[in-house]
Amino acid sequence: MCIRDRYQRRVHGERDLRKMMIAKGFQARRTTMFLASPRNWAAVSGPRPLKPLSVQMQAGFAKTTKQEFNGRRMFRDCLEVTKFKLSSLNTAVAVLVFMMQPGDPSLGEVLALATATQSLAMASQGVNQVVEVNYDRLMKRTENRPLPKNRLSRENALALAGGLYLSANTIFALFFPTQAIVAANTILWSYVLLYTPLKRVTESNTLLGAVVGAMPPYLGWAATGLSLASTFPLGVALYIFAWQFPHFYGILWMYKDDYKAAGFQMLDNPAQASFIMKVATALGAFAVAISAANGSLHPIGAAVMAPLLWKYSLLPISTFQASPSPETAKQLKINSYIPFLAYLFSILATLIYNRLRKHLEARRAALEAPPQTA
C-alpha cells in the first residue's frame, strides 16, 4: 500500500477506505475482511432492525414508567396539601421583616429562618387540610385536592405535617431566641385550634383568620431578639391584616355556594362586606404611613401607594358594592394583589437602599479618616 493510500486510510477511516479499494479493483479479499465485522457492516448498510421487546421487558418498562409517574404525582400532591406557594408568601414576609434589624444578619441566619418559617407554614396548611377533608369533598373548589380524591391518605398527610412541624421547631430552638419559637407555635396553633373550627361557628372567623394571617411579620422580628413593641413589624402586620379582607371576600363571593354546601358560616351581606373592606383599605393606608414614619418605607414608595390603593382597592370595592357577582368578586381578588405586592417590593427596595447607603457612608468615613501614626 502506497503512502498516499495510508494517508487516505488515516484521514477518512475504514468506510472511505473500502470505497477507495473498490474503485481500485481490490475488492475481493479486503472487502470480505472489512464486512466481517458487524460494526463495519452497520457503518455501510445502517443499523440492523431492532427485535421487538418481549412481554416481560415491556411490562418492566411500563412498571418503571408508572412508578416514576406516581412519584412525581405524590410530590405534587404533597406540595398541594401543604400549599407551598401560599406558605412561600408567609416566608418572604417573615424574612423581609427579619432583615429590617439594625445589624447585618448573616446568610446562614436568613436561610435558617426561611427554612423554619416555610416548614411551619406548610405544616399548618397540612394539618388544616387533614381536619377539613370531609368538608373539602363537599366543595367544587376543593373536591379535587389530594385528600378528598384519596390520592394521599390522611395518615401520610399528618405524618408530613408533623415532620415539617418538628423540623421548624428544631431550627427555631437551635438558631433563634426563645420568643421566636413561642411566636411560631402561637401562629400554628391559633390557626389550627381557633380559626379552623370557628369557620363553622361564626361569621367573625374572617376577622380571626386575618389576625393569624398577619402574624408572620412578628415571627420575623421575634427571630431578631429585639422587642416586639417595635413599629417595624407593626406596619407590615397591619397592612397584611387589612389586605386579607378584600382578598378573602373576593374568594367568598366567587364560591359562595361552595361555602354554604360545606356548612361554613360566612358573611352574606355585600353592603356590610363592602363597608368592612373600605375600612380595611383605610387601615392599609395607615399602615403605609407607619412604615414611612419608621423609615422602613421610602417616602417615594409611600407616595406611590396612595394612587394604587385608590385604583386597585377602593374602585373595585365600589364596583362590587354596586353589582355583587362572581365576576366583580374575581376582579376584587385579583386587584388586591397589586398594591400588596407593590408595598412589599417598596419595602424591599427601601431596605436595599438603606443598606447600600450605610455601607457607602462607612467606606467614605474610613477613607476620610486620618492615617494612624505608629
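Author: By class, the lining of the largest pocket has 24 nonpolar, 11 polar and 7 charged residues. Here Ala, Val, Leu, Ile, Met, Phe, Trp, Tyr, Cys and Pro count as nonpolar, Asp, Glu, Lys and Arg as charged, and the others, Gly among them, as polar. This is a predicted model, in which local features need pLDDT of at least 70 and side-chain atom pairs count only at pLDDT 80 or more, while totals for chains, interfaces and linings use all residues. Residues are numbered from 1 along each chain as its sequence is written, and side-chain values use heavy atoms, with hydrogens and water left out.

Reader: What makes a space a pocket, and which residues lie nearest the centre of the largest pocket?

Author: On a 1 Å grid over the protein atoms alone, a pocket is an open set of points with protein on both sides within 12 Å along at least five of seven lines, whereas a cavity is a set where a 1.4 Å probe fits but cannot get out; lining residues have an atom within 4 Å of a point. The largest pocket has 42 lining residues, and Lys 83, Leu 86, Gln 125, Tyr 191 and Gln 244 lie nearest its centre. Its volume is about 1,100 Å³; grid points are joined across faces, edges and corners, and a volume is the space filled by probe spheres set on the points.

Reader: Which residues line the largest cavity?

Author: Among them are Tyr 239, Trp 243, Thr 281, Ser 313 and Phe 340. Each is called a lining residue because it has an atom within reach of a cavity point, as defined above. The volume of this cavity is about 90 Å³, and its lining divides into 8 nonpolar, 4 polar and no charged residues. H12 gives the most to that lining, with 4 residues; helices (H or I, at least four residues) are DSSP runs, numbered from the N terminus.

Reader: Why is a group of residues called a nonpolar core?

Author: The name applies because its members are buried Ala, Val, Leu, Ile, Met, Phe, Trp, Tyr and Cys residues joined through side-chain atoms within 4.5 Å; buried means under 20% relative accessible area with a 1.4 Å probe, protein chains only. The largest such core has 47 residues, of which Val 236, Tyr 239, Tyr 249, Tyr 259, Met 305 and Tyr 343 touch the most other members. H12 gives the most to this core, with 13 residues.

How values were computed: Helix = DSSP H or I, 4+ residues; strand = E, 2+ residues; numbered from the N terminus. Buried < 20%, exposed > 50% of the residue type's maximum accessible area, 1.4 Å probe, protein only.
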